[in-house]
Amino acid sequence: TYQYRWELWRIAYDKIKESNMKIFFGYGPGTHEVMEIFGTLSYSGMDHEFGSWDNHYAAELLETGLIGLALLLILDFSILRQFLKTLKKSALPDKDVLTGIIASIIVMIFMKTNVQIFAPQLNYLFWTLVALGVAMTRCINFEFEDSESEIEE
């Protein structure tokens, strides 16, 4: 259930708050796959071993702490912000392609709240989309209001 995915935030935070170093820097990349984490699910009251991390961002919190998670979120949303700013200025057909790239990145970010992205192919897809978006922002045909009058002159 999605409630389980939200519960992972609490479980990850409870685990990292055991020490000051862990709260800021976490346990290190990949540790959620080998750690045995036990906790009680608040919605069922049952004890559970958390071996499946169906929330990528909660797993990032456990692995990289508050600093790593904050940096990841800043990176993800600054990429989207830059692409959206470029989208406003772009003309067709670049606008359509960039819209597709932005939609795909948004889906990937949403997907990280529902599943742990452990497949390297999905990370490659995400960064390929980012690279395509960056390339497009550098060579996109921008729509200028005065472009027709400049051509006539």
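A: Happy to! Let's begin at Asn 123, a residue of helix 5, which runs over residues 120-139. Keep in mind that this is a predicted model. For a sense of distance, look back along the chain to Ile 101, which is 22 residues away from Asn 123 in sequence. The C-alpha atoms of Asn 123 and Ile 101 are 15 Å apart.

Next, the aromatic rings. A pair of such rings is described by two things, the distance of the centres and the angle of the planes. How many aromatic pairs turn up in the whole structure? A search finds two.

One of them joins Tyr 4 and Phe 50, and this pair is stacked, with 5.9 Å from centre to centre and 15° between the planes. Tyr 4 belongs to helix 1 (residues 2-16), while Phe 50 sits in the loop between strand 2 (47-49) and helix 3 (56-89), so the pair ties together parts that lie 46 residues apart in sequence. Both Tyr 4 and Phe 50 are buried.

The pair formed by Phe 126 and Trp 127 is edge-to-face, with the centres 5.1 Å apart and 85° between the planes. Phe 126 has a relative accessible area of 2%, so this residue is buried. Trp 127, on the other hand, has a relative accessibility of 40% and therefore counts as partly exposed.

Now let's step back to the whole chain. It has six helices and two strands, and along the sequence they follow the pattern α-α-β-β-α-α-α-α. What radius of gyration does the chain have? The value is 21 Å, whereas a compact globule of 153 residues would have one near 15 Å. Along the principal axes, the C-alpha atoms fill a box of roughly 75 × 30 × 25 Å.

Of the 153 residues, 38% count as buried. Among contacts with a separation of 6 or more, 70% come from residues 24 or more positions apart. The chain exposes about 9600 Å², and carbon and sulfur atoms supply 62% of that area. Finally, the charges: there are 12 positive and 20 negative side chains, and the centres of these two sets lie 7 Å apart.

Technical notes. Residues are numbered from 1 along each chain as its sequence is written. This is a predicted model: local features need pLDDT of at least 70, side-chain atom pairs count only at pLDDT 80 or more; totals for chains, interfaces and linings use all residues. Side-chain values use heavy atoms; hydrogens and water are left out. Helices (H or I, at least four residues) and strands (E, at least two) are DSSP runs, numbered from the N terminus. The radius of gyration is taken over C-alpha atoms; the globule rule is 2.2 Å times the number of residues to the power 0.38. Buried means under 20% relative accessible area, exposed over 50%, partly exposed in between (1.4 Å probe, protein chains only). Contact means heavy atoms within 4.5 Å. Accessible areas come from the Shrake-Rupley method with a 1.4 Å probe; for residues, only the protein chains shown count as cover. Lys and Arg count as positive and Asp and Glu as negative; His and the chain ends are not counted. The place of a charge is taken as NZ of Lys, CZ of Arg, CG of Asp or CD of Glu. Rings of Phe, Tyr and Trp (its six-membered ring) pair if their centres lie within 6.5 Å; planes under 30 degrees apart count as stacked, over 60 as edge-to-face and the rest as tilted.
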